Amino acid sequence: MKKRIISASIIAAALGLSVPAMALDVTPYGAIRVGTWWTSSTYYNGQNALHDADFTLDLQGDSLVGMRVKEGDFSGIAEMGAYNPKNRAGGVELRMLFGEWDFGGGKVRVGYAPSPYVFRSEQTYDSDGGFNGYGSLWDGRYAQIKASLNNGLYLTLKKQSTSNTGGTSNFTTNTGPAWQNTPFNLTATQYAATNTNYDTYLPQTTVGYEGKAGILKYGGGMAFNFYKVTQTTSDVVTSKDEIYSYLGFAHGTVDLAPVELKFNLYTGQNVGNLMANSGAATGSYYFNRHNAYTYGGWAQVGYTLNNKIKMFTGASYESNDTKESKVDDRMAAFANLQYAVSKNFKIVPEFTYLNDLRSRTGAKEPQIYAAGVKWEMTF
Amino acid sequence: MFKTLRVLYASIIVLFSTALGYAALPLPEQVARDFKPISGYVVQSSGNDYLIDLGIGQGVVAGDLFSVVGPGKAITHPVSGKIIGTEEQVKGLLRLTRLKNGYSQSRPVGAVTDSIKRGDSILRFQDMAAVVWDYTGQGHQLARQLQSGLPHLQWKDYADAQQKRPTTPARAETMTPTLYFILTSQTLEVRGPDFELIHSYPVTGTPASTSNATLTTAALPALPLLPVIAPATGGAVQAGGEPIWNNANLKGTPIGVAVGDFDGDGRQEAAIAFSDRIEIGRLNADGYQSLGAIRLAGGSQAYALDAADLNSNGRTELYVSAMNSNGNPAGISIEFRDGRYRTTISKISWHLRTVMLPGEGNVLLAQEYNGLGREFNGPVFRVKRTGDSLTRAETFPLPKRINLYGFALFSSQGRTLVANLDDDGYLSVLTASGEQLAGSADTVGGTESYFEMNDETATGGEPRQVYLKARVEATSQGNILVSANSGLGFLGRLRMYVKSELKLFHWNGKDLRETWHTTPEKSYLADFRLLPGTAGENSKLVTVVAFPSMNPLTARTASVRMYDLGTP
């Protein structure tokens, strides 16, 4: 991560210093977002329900500074921000770093950016979570090469995922110290009688389409990811898994100004393994040599009262089933009001409800009621 | 045979003159005024420059040439031997470069035979050798008008000059006039000894009754001239730089202004657009009289305003480029119909802008918006109006990377050029193929008008505010008007300009020179419109400005102003 941050800083500095000579169009921007929340949770120990209530005030993970540069047909973005409060120890996060070439018939993007199947709601709880993990396919950002055509078709080749527990990807264990924490640590370089070997063959691939028909803006596509996991104990292979992940997704926006309808739908196999999303349900992962089947989505209604006030409400649901155990499902709902105090200052009171329902073992999972305000300044 | 030919020739000339409707006119007042002799003194030297005692309001403009005259040899009486006077010695030429109150800066042109001293006399355009180069073959009458109207110049013989002139205007190798009067089919240009442009006047025909046409005027048709704002070499504040009235009763940050006869009553109205409304008022000689406002749909945000009479009913329509509450283009057209202003077209899905085209006038152009990452998508195209609907017409050819906003077309030496605001804020002159010919020395333009792109928001990106390029307007004389705002203008989502002026640039065929500007002031100049003078009236400028506010919770004060440019 430090390397990424240093690289981004060097690029940003170089771009800034070369402005007069190259006549670049350079546009810095940023956002400061703070969340103040009163939360009340109910969680379970078997059938016993326990409760907790707290007030939190913290910098949201999507507080950022960035810079957009443009010179002719080429443009780029470098964006850095705060980690989500849950990972504040991570320091500063590289959010985006990519260059883009507009070749007339389309664009080619090379760099570090969100996945194309991400489609978030207006929910602000959990650092503008947007139903992350509850019906929204948020999986962070990855190195990628994306080619999009003016007709709406696109192809994205993304860093492959080898996650089987959520969070960061897993790596082959018998790599040498020099290779730790680099993209190469999927390649074994050191003998170990007991090891876990992750083999990958292709980038995570997404093909999709974005289009518009009258008042409907829509998009959809397919994503695919594949890797093998081989467990060796004392030079004996004890397990071998081939994990195929598929994802089909669709989303849309209906413009009925001043009303806006939005929806997001998806279904897939081993979606957790494809997305390496720490917020994803555990039931969305390949488990005990069983594929996990997921479907989910969210719907949202927005209404613009005037230039100052917008209102949104939405609900989401996701179901994950390995066919071997129980269904791991969850749901969420929210309602908020976005009030523009001025052009650059917005406050968003919101009520959110999250319910993890049941885990794949059938156990009851926590639920949270949250009421709070997002305070946002942009520049 | 020859007699028959002469009669035939005369008849053809009469027919042509009748058809063209040209008639002889006296030398235009503007030319006489521009070259009227004015005298003054050298005040002092200032580095390489000299200060002279002629300044703003004394009839001089930047670019004027002055002969510097010092005392020469003493003139003694042949009998008494007494000194009865001194000869006048012309030391050289000075060009006025910057006007000030009470004095001006000037710079020597060419060689100076003796050092210019404090107290030396200066004479504007006095006794300077002048020549007419006529590239129309019809300028003999004009040459005679110039010679009789400007007798203080030393005129070269017209016929001799015609024989010796180069095939295309260029600094003379064998002749050494101080002033070149170069007549083409489009302009009369006056250039100095270094071939720097001093003044330029468009040549236009004035309809005249056929009964006034005579064989003489037909054979030697005079080409009447329309005077223009005087180009100069500096960036001086000149006449017209101060508003003649100022109405500061508006609230909000304007995004555009349009002027026209909206209600067909023969008087001019102005529309001032804010992001949430369009205010309409009448332009009077002494101010702006509000007539009312039309509010946009809730949550909609206007970002550009233009006006054109596309349906040719004598009532200019307003065309508002706007985004609806969901971030999709939803422009509207407002028209005075059945006694009130109404929205007659809505949900216009294009960006709109009117552009003045040489030889064609005001046309409405448009460009598509693509919410999937291309704020300006595809080529610029013309728009036609049929009833209450707009239809896409033919593509409007422009050099690559030029979008709908921030450009103007103008004619220069027979070809159409493009004045364009580059992405980095400089004004450049381009050929139709996109070759850059010149650029401004400083950045200009800058607006606070924007629309928002949310194409990356759902995937975790930030909304992007696309700020429009400022309006660029070319005058009929080929000068280029553009605003110049400065202040907080580099951030992606927070802009507030606090200082502004309107600048006039002149393209002299080689360079783009700033020749005029309004008085700089602490405001944001949101938009302007040039109102060419009609029926002998002076041209005027209407501008809308907003004043800085330190309280973001309150609306800014805005003002509509009018400037009299002092020329038709």
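In this predicted model, the largest nonpolar core is built from 24 residues, and Phe35(B), Leu153(B), Leu179(B) and Phe181(B) have the most contacts inside it. Strand S7 (129-134), helix H3 (140-149), strand S9 (179-183), strand S10 (187-191) and strand S11 (197-202) of chain B each give two or more residues to this core. Because residues come from both domain 1 (38-75 + 83-125) and domain 2 (128-204) of chain B, the core lies between these domains.

Glu375(B) counts as buried because its relative accessibility is 17%, under the 20% limit. Its side chain makes a polar contact of 3.0 Å with the side chain of Arg464(B). Beyond neighbours within four places in sequence, the residues in contact with Glu375(B) include His351(B), Tyr369(B), Phe451(B), Met453(B) and Val466(B).

Finally, 4 strands of chain B form an open sheet with antiparallel pairing, in the order S25-S26-S27-S28. Strand S25 (407-412) and strand S28 (436-443) stand at the edges with a single partner strand each, so one side of each has no neighbour in the sheet. On average, neighbouring strands of this sheet are turned by 20 degrees against each other, direction ignored. Within the sheet, strand S26 (residues 415-421) is joined to the antiparallel strand S27 (residues 426-430) by 4 bridges, and Val418(B) stands opposite Leu430(B) in S27(B).

Technical notes:
Residues numbered from 1 in each chain as written. Chains lettered and ligands numbered in written order. Predicted model: local features only at pLDDT ≥ 70, side-chain atom pairs only at ≥ 80, totals over all residues. Heavy atoms only, no water. Buried < 20%, exposed > 50% of the residue type's maximum accessible area, 1.4 Å probe, protein only. Polar contact = N/O pair within 3.5 Å; in protein donor to acceptor, adjacent residues only side chain to side chain. Contact = heavy atoms within 4.5 Å. Core = buried A, V, L, I, M, F, W, Y, C linked by side-chain atoms within 4.5 Å. Domains from an automatic or database assignment. Pairing = 2+ DSSP bridges. Axes fitted to C-alpha atoms, helices over the stretch in contact; angles between N-to-C directions.
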